[in-house]
Amino acid sequence: MTARPYDPEMPPAPDWPRPPRAIPHGLLDLPPSGARVTVAGLVLVRQRPGTAKGVIFVTLEDETGICNVVVWAKVFERFRRAVIAARLMRVTGRVQREAGVTHVIAEHVEDISGMLDDLLRPDLCRAGDQPS
């Protein structure tokens, strides 16, 4: 699949998950740069370097890999609680590729940590339901 340049007037490519579904981190190289995607995962790291002018870097992990999320100061102000407190996070934003590294520039951040509690519910998660 060849990446096409980002054009806000052009509809997104139809062959990768778009919001509200989350794209697996292992497939983040498929959508073109500038495409709007949703990712979700466990929060591994939050970094707020003093030299980053209020930017927060979040690393999420799912079963396929990691995702680097960039949260600009204005987005952080809107979603402060989710950015600070989430153990499990869903982020919708734009794909950015620079120097071979893929980031998601956050536009919307959700704390979905409550979903972790469902892992303890035997009626939802049973070993017999898992693929072999």
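How many helices and strands does the secondary structure of the chain come to? The chain has 2 helices and 5 strands, taken as DSSP runs (helices H or I of at least four residues, strands E of at least two) numbered from the N terminus, and the elements follow one another as β-β-β-α-α-β-β. This is a predicted model, in which local features need pLDDT of at least 70 and side-chain atom pairs count only at pLDDT 80 or more, while totals for chains, interfaces and linings use all residues. Residues are numbered from 1 along each chain as its sequence is written, and side-chain values use heavy atoms, with hydrogens and water left out.

The mean pLDDT (the predictor's confidence in each residue, from 0 to 100) is 82, and 75% of the residues reach 70 or more. Over residues 1-8 pLDDT stays under 50. Where pLDDT is low, the predicted coordinates should not be read in detail.

Of the 132 residues, 35% count as buried, which denotes under 20% relative accessible area, with exposed over 50% and partly exposed in between (1.4 Å probe, protein chains only).

| Salt bridge | N to O distance |
|---|---|
| R36 and E107 | 2.8 Å |
| R90 and E110 | 3.0 Å |
| R94 and E107 | 3.2 Å |

R36, R94 and E107 are linked in a network of salt bridges. R36 counts as partly exposed at 37% relative accessibility, as does E107 at 28%. R90 is partly exposed, with a relative accessible area of 24%, and E110 is partly exposed, with 26%.

S113, in the segment after β5, counts as buried at 7% relative accessibility. A polar atom of the S113 side chain lies 3.1 Å from the backbone nitrogen of L88, and, not counting residues up to four places away in sequence, S113 touches A86, R87 and L88.

Terms used. A polar contact is a pair of N or O atoms within 3.5 Å; within protein, one must be able to donate a hydrogen and the other to accept it, and residues adjacent in sequence count only if both atoms are side-chain atoms. Contact means heavy atoms within 4.5 Å. A salt bridge is a side-chain nitrogen of Lys or Arg within 4 Å of a carboxyl oxygen of Asp or Glu.
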